[in-house]
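Reader: I am new to this structure and would like a guided look at it. Could you show it to me first?

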Amino acid sequence: MVTRHAWITSLSVLVACADPPISFFDEPRPCELLGEVCPPAIPTQLELVDFDPDGRDEFVILGLEGELVVGNPEDGEVLASARVEVEWGTTLSRCSSADLVFQHTLEQWWLWELTDARIEAADHGVLTGSYACFDLGAGADTIVEVDADLLRVDGVEVGLGLVPPGESLRGLALRPEDESGQRFSLFGFALDENVRMARVDLEAVEVTAAQLWPWGPTRIEVLAVAGRDLVVGGPITLDSGELAIVREIDLASAPATWQVERVSLPWWPQQLVLAQLDDDPEPELLVAPLPISALAIIGVGDSASVQMLELEFEGVDLAAGDVDADGLDEIFAIDPREDRILEVEL
Ligand SMILES: [Ca+2]
Ligand SMILES: [Ca+2]
Ligand SMILES: [Ca+2]
C-alpha cells in the first residue's frame, strides 16, 4: 500500500506539471505488478508487447486516469510511461508489429510506438469511422479506416459496396492475401449483424468480391481472423453463446465459397484473444465471457477442439504474451477488485 500511495502522490505532481496529453517519467520506478497493487492505480486495459526486444513480452497497461505504462512482468519494474487521453470506452489493442499499440477514445485515435525505452505517438487522428492497425502482408503495420462504405489506407480510398447508406462496418478484421501489402480480405459487420466480407486490391483500387454471410439471430460480440480462418461469436440465448469458425474462405471464386463450423458455449463469448499454447503453429483461441470467470481454449486445427476452464477470479481484459521466452504464451487478465494483473494458470 505504501508503494501505491507513493505512486499516486508522484502522479498527482506529474499531472499538475504536465503538458497534456503526453508526459513522461524520468526514471523507471520499482513496483510489484503481479499479485500486488501497482501503477497504474486502476488498470483498465492490458496488452503484451516485446518492448525491449529480447523475446520476452512486457505488460502494456492503460490506467483509468490515463497512465500508459510498460512494466516488466517478472519484477514489476516500470520501464516507460506516458500520460494519454482517456474517456469511457477507451480501448487499447496490440498491432501486428512487436512494438506498436493502437488506442482510441470515442473521438480520437493514437498509434503508440514503444521503443528505445520510450512511449511515443507514431500517428494520431480524429475518429470518424472504424479503425484498426493491421499488417497487410508486407510486414509493417498500417492504419486501416472504414468510414461509412469507404475504405481508406495510406491515402488510397476504395468503395466497399458492403453496407447500406448511413451505416458503417464494425469489428474490422483483415487477412492478407499475399506479401505485397496491397491485396487482402476485409471482414466486419453492420447493424443487421450479418458478416460482411470483401476482397480488396489497393493497387487496382478495386473490391473484387463483396459478400454477406448471415451469422444468426443475435448480435455479434467478437470477430477476428485466426490464421486463414474467420472467427465470429455472440450470444444465442440468455445464458449460452456460440462461436462460428468460418473456414476455406475463397472470395476469389465466383460465387465466393466458405464453410462454417459452430462451437456451442455455456456463456456469451465477449473476449477473444489469439495465443500460441502448444507446438502446433496454428494459433489457439482464448474465448471468455465478461467478467472473465471462465475460459474456453479452442484449437482451430482441422476441426475445433475445446477445453473449458473455470477461473477463481472475475477478470476483465484478457491478454496473452510470452513473458519467459519459451515460445509459448502465458495468459493474463486484470483483476478489477484488487486492481492487479493475474496470470491464468493452465
Ligand atoms: Ca522484452
Ligand atoms: Ca498452437
Ligand atoms: Ca512463455
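Reader: Where does Pro-255 lie?

Author: Welcome! This is a predicted model, in which local features need pLDDT of at least 70, side-chain atom pairs count only at pLDDT 80 or more, and totals for chains, interfaces and linings use all residues. Residues are numbered from 1 along each chain as its sequence is written, and chains are lettered from A and ligands numbered from 1 in the order in which they are written. Helices (H or I, at least four residues) and strands (E, at least two) are DSSP runs numbered from the N terminus. Pro-255 is joined to Ala-254 by a cis peptide bond with omega of about 0°, and its place is the loop between strand 19 (240–250) and strand 20 (257–265).

Reader: Which loop holds Pro-291?

Author: Here too there is a cis peptide bond, between Leu-290 and Pro-291, with omega of about -5°. Pro-291 is in the loop between strand 22 and strand 23.

Reader: How many helices and strands does the chain have?

Author: The chain has 346 residues, of which 40% are buried (20 or more other C-beta atoms within 10 Å of a residue's own; 12 or fewer is exposed, in between is partly exposed, and C-beta atoms are placed from the backbone). Its secondary structure amounts to one helix and 26 strands.

Reader: What share of the contacts join residues at least 24 apart?

Author: Two residues are in contact if their C-beta atoms, placed from the backbone, lie within 7 Å. Counting contacts in the chain between residues at least 6 apart in sequence, the share joining residues at least 24 apart is 44%.

Reader: Which residue in strand 23 stands opposite Leu-286?

Author: Strand 22 (residues 284–288) and strand 23 (residues 292–299) run antiparallel and are joined by four bridges. The residue opposite Leu-286 is Ile-297.

Reader: Which residues touch the most other members of the largest nonpolar core?

Author: A nonpolar core is a set of buried Ala, Val, Leu, Ile, Met, Phe, Trp, Tyr and Cys residues joined through C-beta atoms within 7 Å. In soluble globular proteins, nonpolar side chains tend to be buried together. The largest core here has 87 residues, and those touching the most other members are Val-101, Leu-114, Val-232, Leu-286 and Val-287.

Reader: Which residue of strand 11 is the bridge partner of Val-146?

Author: Strand 9 (residues 130–135) and strand 10 (residues 141–147) run antiparallel with six bridges, and Ser-130 has Val-146 as its bridge partner. Strand 10 also pairs with strand 11 (residues 150–153), in the antiparallel sense, over four bridges. There, the partner of Val-146 is Leu-151.

Reader: Which residue in the turn between strand 10 and strand 11 has a positive phi?

Author: In the hairpin of strand 9 and strand 10, with five residues between them, Gly-137 has a positive phi of about 130°. Strand 10 and strand 11 form a hairpin with two residues between them, and the turn residue with a positive phi, about 55°, is Ala-148.

Reader: Which residue of strand 2 is the bridge partner of Val-49?

Author: An open sheet of four strands has antiparallel pairing and the order 1-2-3-4. Strand 1 and strand 2 (residues 58–63) are joined by six bridges. The bridge partner of Val-49 is Glu-58.

Reader: Is Glu-248 buried or exposed?

Author: Glu-248 belongs to strand 19 and has a positive phi of about 45° although it is not a glycine. With 10 other C-beta atoms within 10 Å, Glu-248 is exposed.

Reader: Over which residues does pLDDT stay under 50?

Author: pLDDT is the predictor's confidence in each residue, from 0 to 100. The chain averages 85, and 89% of the residues score at least 70. The stretch where pLDDT stays under 50 is residues 1–37.

Terms used: Pairing = 2+ DSSP bridges.
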